[in-house]
Amino acid sequence: MDLDNPKGANHEVETASDAHTSLDDGPHFDAQRTKKLLRKLDWHLVPFLSLLYLLSFLDRTNIGNAKLFNLLPDLGIPTKSLQYNNALAIFFPFYVAAEIPSNMMMKRLRPSLWLTIIMIAWAICTICMGFVHNYAGLMAARVFLGIAEGGLFPGVTYYITMWYARHECGLRMALFFSAATAAGAFGGLLAFGIGKMDGVAGRGGWSWIFILEGIATLIVAFVAYWAINDYPRTAKFLTEEERTEVERRLKADRSSLADEFNLKFALDALKDWKIYVHMLITIGIYTPLYSISLFLPTIVKNMGYSNEHSQLMTVPPYVVACVFTIGTGFFADRAKQRGVFMLAHEASAIIGFAMLASSGKPGVQYTGTFFAASGIYPLVPMGVAWNGNNIGGSLKRGVGIAMHVGFGNLGGAISAFCFLPKYSPRFIPGHVTLASTVSMSFLLTCFMTLYLRRENARRNQWAIDNNKQPENYTEEEKTAEREKGDNATFYRYTV
């Protein structure tokens, strides 16, 4: 790896302001050429990013599959104790703590280098989990896994906003996050197969799940540095004309807002109350997200299925959730709205958890897992796209996304204690808790949707009163407000 020959030699060239002073000169791409350009970006960016997240989500949640292959007795962990729940929960505080510094490091360095570093780190941690001998070793491995994985999701989310216009990000984030549903489906299938290696080389099936899935991540990490394109200006798969057009589109979409690295923009994120509302919405969504990811095999097993059969039964809910994740991202981008779509999926999740809590019939419970998974998984990329769409300025957006994702991931620590052994096999308190957290998100989503609509209406009325429509601002007028971010008078929110 030649680090002295950086692909993104000057990582501040995310937009054209430094590289080209006349992006608006010359003809713009027409609709057909723009569509072709977006397809080219999608083909070169999204598949590999999705693979990274599939491996990341698989490596953090495979402990739920490993549990069914004698993980607890082999490590001397009592079945009725909270030690397993502690091992799940310890991952998340360290995961969250790494997110904001990681996004700032990716801004300071460049995506190809930083994402490769953290990928190698979490691959090694996953492999090490296969060699632990006791509860203390498992806890230590989960701590380091959390630190290593913390930067990927907010980092890639931020990275996507450096290539696509605001109303194009939702579908791409949905495609990227659909890898989480694929991880759930593949996790069950892989565990079913790998679990049959129980006893090979004197190791349990749970051990081989960690080792082999960690090795797969390490192999992909070795090509990540060359596979990840840093910025439009340095992308070798684009022609010079295409690079200029991507930068022009980003500049027009972001209304010439500040993109340089300055800590005052990070402080702007910390002072923005809207980001904190999104953080609360997110923790209400991520708590059930991780509950499903970590405990679905156990929930299905307690419906009366065998260990092996329950692994396979977890696959269909994830497949359906994947379809809804991609489909909703597509239609939300087309409608250029987020709030109403989020409300629909939050309602679906509430119905699903209500079915799981209220009925002891396996058929009703299993149907509830479809409603819950199909409701929760589409909300994650849609929520982060909504928040990211409404944060003006590159660094503020990066920090705001990390705050959003970071606080939401604390829901993982909560989820670890939603399904305690004493509530087995129905786990009614856990399902009620999850229905409640999503209900909180539903109410806050209603509030944000109404507020943003009213704020856009207020700004539109100001523009009419002062004869200052956003499209009529000169470049000099936009530059005068470039440090105001989403408070600039020409900025309009995504509702």
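**Cysteines, burial and charge**

Guide: The sulfur of Cys169 lies 19 Å from the closest cysteine sulfur, in Cys322, which is too far for a bond. A disulfide is defined here as a pair of cysteine sulfur atoms within 2.5 Å. By this rule the count of disulfides is zero. Cys128 is likewise in no disulfide, the nearest cysteine sulfur, that of Cys125, being 6.4 Å away.

This is a predicted model, in which local features need pLDDT of at least 70 and side-chain atom pairs count only at pLDDT 80 or more, while totals for chains, interfaces and linings use all residues. Residues are numbered from 1 along each chain as its sequence is written, and side-chain values use heavy atoms, with hydrogens and water left out.

Burial is judged by relative accessible area (buried under 20%, exposed over 50%, partly exposed in between; 1.4 Å probe, protein chains only). Cys169 counts as buried because its relative accessibility is 1%. Cys128, with a relative accessible area of 40%, is partly exposed.

Helices are DSSP runs (H or I, at least four residues), numbered from the N terminus. Helix α8, residues 152–161, is mostly covered, with ten of its ten residues buried; among them are Phe153, Tyr158 and Ile160.

Turning to charge, Lys35, Lys36, Arg39 and Arg334 gather in a surface patch of positive charge. Lys35 is found in helix α2 and counts as exposed, at 54% relative accessibility.

Technical notes
Patch = residues over 30% accessible without salt bridge, like charges linked within 9 Å, V, L, I, M, F, W, Y side chains within 5 Å. Areas by Shrake-Rupley, 256 points an atom, 1.4 Å probe, with all protein chains shown as cover. Salt bridge = Lys/Arg side-chain N within 4 Å of Asp/Glu carboxyl O. Lys, Arg positive; Asp, Glu negative; His and termini not counted. Charge placed at Lys NZ, Arg CZ, Asp CG, Glu CD. Helix = DSSP H or I, 4+ residues; strand = E, 2+ residues; numbered from the N terminus.
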